[in-house]
Amino acid sequence: MRYFTLLVVILLAACKSSQTDLPLLQECPGDGDCEVEVFKESRLILKEDNTGIIEVTLEQDKDFQVVFIKYKDSTNKNYSEEVYLQIPLRFKEIHSENHSLKNQKVVFGKLCDCPDKGFEKINSGVLKLINLNDYISLHLEIKSNKSQVVQTIDLDI
């Protein structure tokens with residue numbers, strides 16, 4: 001798991017030149033700090049096995065962008081959560097809820113020394129994206145099979 005985290009950090013640093021200005025998360029949940037990054041012209045690649053998602057990477061793709069949100073617990077330095085969301089580069093509005101959320105690439109990851117650590121594709125929740133020309137309004141409610149701190153994200157990109 002440590003190698004995976006290192007891989008994600010290296011990949012994010014390598015993609016830094018293609019990111020936009022850092023968007024502002026309206027409220028960081030729990031007792032923690034949140035980081036948000038947007039990687040334009042990128043898409044998510046999920047490597048899976050019979051246990052689930054074992055690796056999340058980014059690949060260049062001119063039709064998509066990836067929103068990456070990381071929550072770090074300020075009291076437990078060994079605990080963090082990550083959310084990856086792949087969205088089209090060009091769209092007007094996207095509304096997905098529960099079963100239709102399966103059509104979107106939303107990934108939740110829990111990084112810790114705990115029994116339910118790891119990544120999973122989110123298939124239950126609400127995603128609302130509205131392209132307002134100057135910025136994108138994002139509302140995401142995720143319902144994970146894992147215990148989680150990050151449940152609702154409101155963000156202007």
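Biologist: Why does F108 count as buried?

Modeller: Its relative accessibility is 0%. Buried means under 20% relative accessible area, exposed over 50%, partly exposed in between (1.4 Å probe, protein chains only). So F108 counts as buried.

Biologist: What are the ground rules here?

Modeller: This is a predicted model, where local features need pLDDT of at least 70, side-chain atom pairs count only at pLDDT 80 or more, and totals for chains, interfaces and linings use all residues. Residues are numbered from 1 along each chain as its sequence is written, and side-chain values use heavy atoms, with hydrogens and water left out.

Biologist: Where does F108 lie, and what is it in contact with?

Modeller: F108 lies in strand β6. Strands (E, at least two residues) and helices (H or I, at least four) are DSSP runs, numbered from the N terminus. Contact means heavy atoms within 4.5 Å. Beyond neighbours within four places in sequence, F108 has contacts that include V83, F119, I122, I142 and S144.

Biologist: Why is S144 called buried?

Modeller: Its relative accessible area is 17%. The limit is under 20%, so S144 is buried. S144 is in the loop between β9 and β10. Not counting residues up to four places away in sequence, S144 touches F108, E120 and I122.

Biologist: Why is N133 called exposed?

Modeller: N133 has a relative accessible area of 72%. Exposed means over 50%, so the label holds for N133. N133 sits in the loop between β8 and β9.

Biologist: What makes E41 partly exposed?

Modeller: E41 has 40% relative accessibility. Partly exposed is the range between the other two classes, so E41 counts as partly exposed. E41 is in strand β2.

Biologist: What is the phi of E41, and what is that of N133?

Modeller: E41 has a positive phi of about 50 degrees and is not a glycine. Phi of N133 is near 65 degrees, also positive in a residue other than glycine. Most residues other than glycine have a negative phi.

Biologist: What makes a set of residues a nonpolar core?

Modeller: The members are buried Ala, Val, Leu, Ile, Met, Phe, Trp, Tyr and Cys residues, joined through side-chain atoms within 4.5 Å. The largest such core has 26 residues. V67, V83, L129, L140, I142 and I153 have the most contacts inside it. The largest share of this core, 4 residues, comes from β9.

Biologist: How do you know that β9 and β10 pair?

Modeller: Two strands pair if DSSP finds at least two bridges between them. Here 5 bridges join β9 to β10, and the two run antiparallel. L140 stands opposite I153 in β10. The covered face of β10 holds I153 and L155, while T152, D154 and D156 form the uncovered one.

Biologist: Why is the F68 and Y84 pair called tilted?

Modeller: Rings of Phe, Tyr and Trp (its six-membered ring) pair if their centres lie within 6.5 Å; planes under 30 degrees apart count as stacked, over 60 as edge-to-face and the rest as tilted. F68 and Y84 are 4.9 Å centre to centre, with 45 degrees between the planes. That makes the pair tilted. F68 lies in strand β3 and Y84 in strand β4, so the pair ties together parts 16 residues apart in sequence.

Biologist: What makes Y84 and F119 a tilted pair?

Modeller: The centres of Y84 and F119 are 6.3 Å apart and the planes 50 degrees. Ring pairs link F68, Y84 and F119 into a cluster.
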